[in-house]
Amino acid sequence: MISPLLDGLLDPKHVVLDLRGRTAGEAVWEIIELLRESGELPRAQEFFEAVMAREEKSSTIANGGVAFPHARTELVGQLVLGIGRSRAGVPFGEKAELAHLIFVIAVPQQMVNDYLICVGGLARRLNNEATRQALLEASTPAEFLDRLRTDE
């Protein structure tokens, strides 16, 4: 079971299943554009720059082809989560490891604990190979989120 905090961040209109971007920056921008279009992130360019600056310091790629690019910022008043999937994979970090599942998180400066609950919950779920495989096979954003919520 995922936390109510994380569950509240999962929105099908914030999920892109076929990322076109071939670089980390292009893929992250695609996801941020979804958040901008939905009204969740009006200052998208500033947020993108903050995320990429954070990513340059230390890549957020994790085991299993999952990345968690994020930034703590005054640009948002609440946690916002955008998700992208690339079957081909997008190179992240110095080693250009391929990320297939990308979770972009906008974190208000004062909400560090909520961010840790959110990313911890995602990391636990995505540590499971069967869960990652189910997400790669989902055919709609709603199905993707249902599979993310479901215990294996």
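Buried means a relative accessible area under 20%, exposed means over 50%, and partly exposed lies in between (1.4 Å probe, protein chains only). All views show a predicted model, where local features need pLDDT of at least 70, side-chain atom pairs count only at pLDDT 80 or more, and totals for chains, interfaces and linings use all residues. Residues are numbered from 1 along each chain as its sequence is written, and side-chain values use heavy atoms, with hydrogens and water left out.

**View 1. Ser38 sits in the loop between helices H2 and H3.** H2 spans residues 24-37 and H3 spans 44-57. Helices (H or I, at least four residues) and strands (E, at least two) are DSSP runs, numbered from the N terminus. Is Ser38 buried, partly exposed or exposed? Ser38 has a relative accessibility of 25%, so it counts as partly exposed. Beyond its neighbours within four places in sequence, Ser38 is in contact with Lys13 and His14. Contact means heavy atoms within 4.5 Å. Ser38 and Lys13 are 25 residues apart along the chain, yet their C-alpha atoms are separated by 7.6 Å.

**View 2. Strand S5 pairs with strands S1 and S6.** Two strands pair if DSSP finds at least two bridges between them. Val15 has Ile83 in S5 as its bridge partner. S5 and S6 run antiparallel, joined by 9 bridges. Two of the pairs on this side can be picked out by name: Val80 is the bridge partner of Ala106 in S6, and Phe92 is the bridge partner of Glu97 in S6. S5 is mostly covered, with 10 of its 13 residues buried.

**View 3. Strand S6 also takes partners S3 and S4.** How many bridges join S3 to S6? There are 2, and S3 (residues 66-67) runs parallel to S6. Here Val66 stands opposite Leu101. S4 (residues 70-73) is parallel to S6 as well, with 4 bridges. In that pairing His70 faces Ile105. Why is S6 described as largely enclosed by the rest of the structure? Because 9 of its 12 residues are buried.

View 4. Most residues other than glycine have a negative phi. Ala96 is partly exposed, with a relative accessible area of 40%.

**View 5. Gln110 lies in the loop between S6 and H4.** Gln110 has a relative accessible area of 57%, so it is exposed. The view also takes in Ala53, which is 57 residues from Gln110 along the chain. Their C-alpha atoms are separated by 20 Å.

**View 6. H5 packs against H6.** The helices meet at an angle of about 170°, with axes 8 Å apart. That makes H5 roughly antiparallel to H6. Axes are lines fitted to C-alpha atoms, for helices over the stretch in contact, and angles run from 0 to 180 degrees between N-to-C directions. Angles under 35 degrees count as roughly parallel, over 145 as roughly antiparallel, 65 to 115 as roughly perpendicular and the rest as oblique. Thr131, Ala134, Leu135 and Glu137 of H5 meet Phe144, Arg147 and Leu148 of H6. The contact residues comprise 4 nonpolar, 1 polar and 2 charged. Ala, Val, Leu, Ile, Met, Phe, Trp, Tyr, Cys and Pro count as nonpolar, Asp, Glu, Lys and Arg as charged, and the others, Gly among them, as polar.

**View 7. H4 crosses H6.** The angle is about 90° and the axes are 10 Å apart. H4 is therefore roughly perpendicular to H6. Leu122, Arg125 and Leu126 of H4 meet Arg147, Leu148 and Arg149 of H6. This contact divides into 3 nonpolar, no polar and 3 charged residues.
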